[in-house]
Amino acid sequence: MKKIVLILFALLLFTTSHTFAVEESNTSYQIKTFMNKALEEYNIPGATLAVVHNGNTIFQDSWGIMSDGSPVSEETSFLIGSVSKPLTSLGIMVLVEEGKIKLDEPIDTYIPWFTYQTDSKKSITVRHLLEQTSGISAYEGLKATDQQDRDKENGITQAVKELSGVKLSHDPEEIYEYNSANYLLLGAIIEEVSNQTFSSFMDNRIFSPLAMKNTTADYESAIEKGFVPGYHSWFGKPVKGDGWYDHSGAPYGYMTSTSSDLIKFIEFMLYGGELINEQSLKQLRMPPESDQRYGLGWHFSKNDNRYPYHTGATSEYRSEIFFMPEEDLGAVLLTNKYHELEAVAYLSMMEGIRSIIKGEKPELIPLNVSTQWIALSVILLLSIIFSISLICLKRKKNINKIVWVPIGVLHVLIAVGFIPLFTFSMGISWKTLGLFSPDLAFLIQCLIVVLAVYGLLIFLIIAIKQKVVEKIVN
């Protein structure tokens, strides 16, 4: 009887483990199929994905190549964009535990050389920077971020000094406005408080303790770890970039990492460790109050289970990371192509992964490049119309200057003022548009050239006609 019970128990264990293995295998197959479809549809040259569930890495795979022709693996370096922000917030929390930083202390305490203009009696605190409620507008922040000409050693300080004197658009704590300049300031605070460069601090206090051996926060280290240019997107097609890098940008968007390293970060956020205590970790995981969607370095989803996540993008790379403490689940996805107008479509990749794990059918949002094609069509149509107009104008014996001079002036003025009006209305800088939507920026430049040339040729034709008339009269 005892033997029968043991046999039945062993059979039960085998059946259960076999069932789990089949389910895991089926999940892996679905994820691979889905990712292959997504990468083909979105024309992404290379990607790497890792998923952790119930304490185990249930999926880890890579696809395609990098711009130097090397195959992508879980150890391949990607720029991780704003996924850098949660790592910076973890660095701040380490210093909070040591008593070197207080979250509700005004930032003047740590970087008194940074000033800002405000009519409010409230001061910007460290917490405001973490929660993106400092009152510094995203438009003003863009003037100080994503710059390539910064000093490699003192880039963060240089950028913060350029931002110094900024006028707040809102009172601190009043309004959430996502702005990388907030994390630039946090990087400066870390440097001041730790008396180290931001890169050294992150290496010594965050990356090494978490065994993130291929994660970096400076350009030289990134190159050593294999960082290569990624890809821009022109009309949805990948075009090799030049490896654009902001030497002041590590705190908010220019760290490099791998899927293997970021899984370790996710595991720390799920299960904790010796780096910070449970109370500090709980603060990082805690959703913001009311209807806010940004906590201490993390976005939080809209649904009932408000889990932390973050996306990140540079001009040539994209990343996404999330973890769900209640479901013991987390994942990271890194890709080497980006375009701002494709961002919504890219979100459907990670959403599809979550759907597969839940046993639901994944769906991909189609890649939409209609904006670029419409812009190109408009430019070509205007070029044809303007050409016909100029031919007709040239054939005229008598030109009505009262009509045509204002037309020429108007087109030249539109050409001169188009970029300032466009960027102001969109709330972005021209530099940012060129970085994250290069094809659209190029098309706008083409449109400006067409408008300016049309206006100037009108003046030229009028001037030539005028000389001809004067010769006839004389």
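Trainee: Of the contacts between residues at least 6 apart in sequence, what share joins residues at least 24 apart?
Mentor: This is a predicted model, in which local features need pLDDT of at least 70 and side-chain atom pairs count only at pLDDT 80 or more, while totals for chains, interfaces and linings use all residues. Residues are numbered from 1 along each chain as its sequence is written, and side-chain values use heavy atoms, with hydrogens and water left out. A contact means heavy atoms within 4.5 Å. Among contacts in the protein chain between residues at least 6 apart in sequence, the share joining residues at least 24 apart is 71%.

Trainee: How many helices and strands are there in the protein chain?
Mentor: Both are DSSP runs numbered from the N terminus, where a helix (H or I) needs at least four residues and a strand (E) at least two. Counted in this way, the protein chain has 15 helices and 13 strands.

Trainee: What percentage of the 474 residues is buried?
Mentor: Buried means under 20% relative accessible area, exposed means over 50%, and partly exposed lies in between, with a 1.4 Å probe and protein chains only. For the 474 residues of the protein chain, the buried share is 49%.

Trainee: Which residue in S11 stands opposite Tyr309?
Mentor: Two strands pair if DSSP finds at least two bridges between them. Strand S10 (residues 308–313) and strand S11 (residues 318–324) pair in the antiparallel sense over 5 bridges, and a hairpin through 4 residues joins S10 to S11. Strand S9 (residues 299–300) also runs antiparallel to S10, with 2 bridges, and there His299 stands opposite Tyr309. In S11, the residue opposite Tyr309 is Phe322.

Trainee: Which residues does Arg354 touch, and is Arg354 buried or exposed?
Mentor: Arg354 is found in helix H11 (residues 343–357), and Arg354 counts as buried because its relative accessibility is 6%. Leaving aside residues up to four places away in sequence, Arg354 touches Tyr307, Glu320, Phe322 and Met324.

Trainee: How many aromatic pairs are there?
Mentor: Rings of Phe, Tyr and Trp (its six-membered ring) pair if their centres lie within 6.5 Å; planes under 30 degrees apart count as stacked, over 60 as edge-to-face and the rest as tilted. By this rule the count of aromatic pairs is 23.

Trainee: How many residues apart are Phe78 and Tyr317?
Mentor: Phe78 and Tyr317 form an edge-to-face aromatic pair, 5.7 Å centre to centre with 80° between the planes. The pair links distant parts of the chain, since Phe78 is in strand S3 (residues 78–79) and Tyr317 is in the loop between S10 and S11. Phe78 counts as buried because its relative accessibility is 0%, and Tyr317 is buried because its relative accessible area is 0%.

Trainee: Which residues form one aromatic cluster with Phe78 and Tyr317?
Mentor: The cluster brings in Tyr and Trp residues as well as another Phe. With Phe78 and Tyr317, its members are Tyr219, Phe227, Trp244, Tyr245, Tyr252 and Tyr254.
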